[in-house]
Amino acid sequence: MKILITGISGFVGSHLTDFVLEHFPHIEIHGLIRRRSDIKNIQHRLSSIVLHECDLTDSHSVDAVFRSQSFEKCFHLAGQSHVPTSWIRPIETMNVNANGTMNLLESIRHHNKNCHVLICGSSEEYGLVYEHEVPITEDNPLRPLSPYAVSKVAADFIGHVYFKSYGLHVVRSRAFNHEGVRRPEDFVLAKITKQAVEIQLGRRTCFELGNTDATRDITDVRDIVHAYWLLLEKGEPGEAYNISSGKTYSIQELVEMTAKQAGIPSQIEQNPKFLRPADVPRLLGDCTKMKQLTGWKRRYEIPDTIHDMIENWRSVLTSSLDRSPFVETQAE
Ligand code: G4F
């Protein structure tokens with residue numbers, strides 16, 4: 001079997017690659033990367049995968065891939081995934097996330113009609129959620145609060161349109177927050193765990209963050225990619241599925257849990273630079289629909305994830321090169 005992962009060199013793409021190679025070593029994995037992409041996240045897999053240079057915003061470049069190859073499954077992860085960046089570069093965010101998804105589906109419709117496609121959406125699509133609506137099911141109204149969220153709603157709906165209009169096997173996922181090693185440090189838990197190690201090493205005195213009141217439903221990325229796999233195996237075409245843990249943590253709680261594991265004080269300084277024009281205050285998902293269909297169960301608890309992230313930052317920050325190799329915001 002041949003599968004395609006768009007955004008293979010990103011945080012989630014690299015974990016999905018690990019999952020597939022560990023569980024199905026006979027599967028041929030192809031991945032799309034942009035020119036000059038940072039491929040550190042998949043360095044350890046380069047001999048086992050096939051990479052295609054492709055810019056999703058350029059329909060000719062996407063078409064070229066599907067003219068020369070056909071795939072049984074396509075996991076569409078590529079995109080601009082950093083919410084704050086979407087206010088700074090709203091047009092680029094819409095272009096990559098929405099038009100990029102359309103280019104992909106157009107090429108699949110013309111050249112690879114039987115390909116099963118997972119459009120990897122986001123809980124940010126729900127945006128503003130009222131107290132009586134939590135935990136959030138797939139039927140909740142979508143009230144996006146950022147250009148990023150609007151771009152993901154567009155990709156989600158265009159996936160549905162290609163199912164309805166052309167009968168493409170498109171499954172839509174809406175993953176709540178996910179964390180783990182290789183997460184770029186401009187996302188909150190990667191930043192918290194990195195700062196914890198910097199405090200341990202005497203390189204900073206306290207945590208420096210934005211809004212610590214927000215709460216997020218967080219799942220380990222290794223469990224998320226497992227759910228992605230199951231959704232393309234068992235998901236109903238046209239349907240949308242939440243992926244969530246059903247547990248929320250405030251950013252303040254994440255700092256306290258991390259500080260406790262690292263054996264440091266949990267003092268936080270708020271820097272207005274990290275506040276957003278609008279922030280989703282609370283996200284708590286209900287993924288009963290996906291669990292009942294697939295039998296998915298989480299294998300990792302967030303304290304385990306935090307532990308692994310701290311260990312990873314310690315090794316990065318104390319290595320002779322002392323660099324942060326995972327800063328990359330262009331793929332999920
Ligand atoms: O880690 P975050 O940047 O993730 P956010 O915005 O929830 O989005 C992530 O999850 C979505 C799924 O729900 C994905 F679709 C999306 O691509 C991305 O992976 O921020 C989490 C929370 C926010 O409320 C933010 O305001 O943490 C708060 N926060 C507080 N201080 C901070 C900071 N976020 C960041 N990035 N940096 C801070 O210093």
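A residue is called partly exposed when its relative accessible area falls between the buried range, under 20%, and the exposed range, over 50%. In this predicted model, glutamate 106 has 25% relative accessibility and therefore counts as partly exposed. Glutamate 106 belongs to helix α4. Its side chain makes a polar contact with the side chain of tyrosine 162, at 2.6 Å. Glutamate 106 and tyrosine 166 are separated by 60 residues in sequence, while their C-alpha atoms are 10 Å apart in space.

Helix α4 (90-111) is also one of the elements against which the buried residues of helix α2 pack; the others are β1 (2-6), β2 (28-33) and β3 (49-53). Helix α2 spans residues 59-68, and its buried residues are Ser61, Val62, Asp63, Val65 and Phe66. The N-terminal end of α2 is capped by aspartate 58, which has a side-chain oxygen 3.0 Å from the backbone nitrogen of histidine 60.

The largest pocket holds about 880 Å³ of space. It is lined by 43 residues, and those closest to its centre are Pro84, Asp186, Phe187, Val188 and Arg276. The lining comprises 19 nonpolar, 10 polar and 14 charged residues. At least two lining residues come from each of α1 (11-23), α3 (85-88), β5 (116-122), β7 (177-179) and α6 (188-200). Helix α6 gives the most, with 5 residues.

Technical notes
Residues are numbered from 1 along each chain as its sequence is written. This is a predicted model: local features need pLDDT of at least 70, side-chain atom pairs count only at pLDDT 80 or more; totals for chains, interfaces and linings use all residues. Side-chain values use heavy atoms; hydrogens and water are left out. Buried means under 20% relative accessible area, exposed over 50%, partly exposed in between (1.4 Å probe, protein chains only). Helices (H or I, at least four residues) and strands (E, at least two) are DSSP runs, numbered from the N terminus. Contact means heavy atoms within 4.5 Å. A polar contact is a pair of N or O atoms within 3.5 Å; within protein, one must be able to donate a hydrogen and the other to accept it, and residues adjacent in sequence count only if both atoms are side-chain atoms. On a 1 Å grid over the protein atoms alone, a cavity is a set of points where a 1.4 Å probe fits but cannot get out, and a pocket is an open set with protein on both sides within 12 Å along at least five of seven lines; lining residues have an atom within 4 Å of a point. Grid points are joined across faces, edges and corners, and a volume is the space filled by probe spheres set on the points. Ala, Val, Leu, Ile, Met, Phe, Trp, Tyr, Cys and Pro count as nonpolar, Asp, Glu, Lys and Arg as charged, and the others, Gly among them, as polar.
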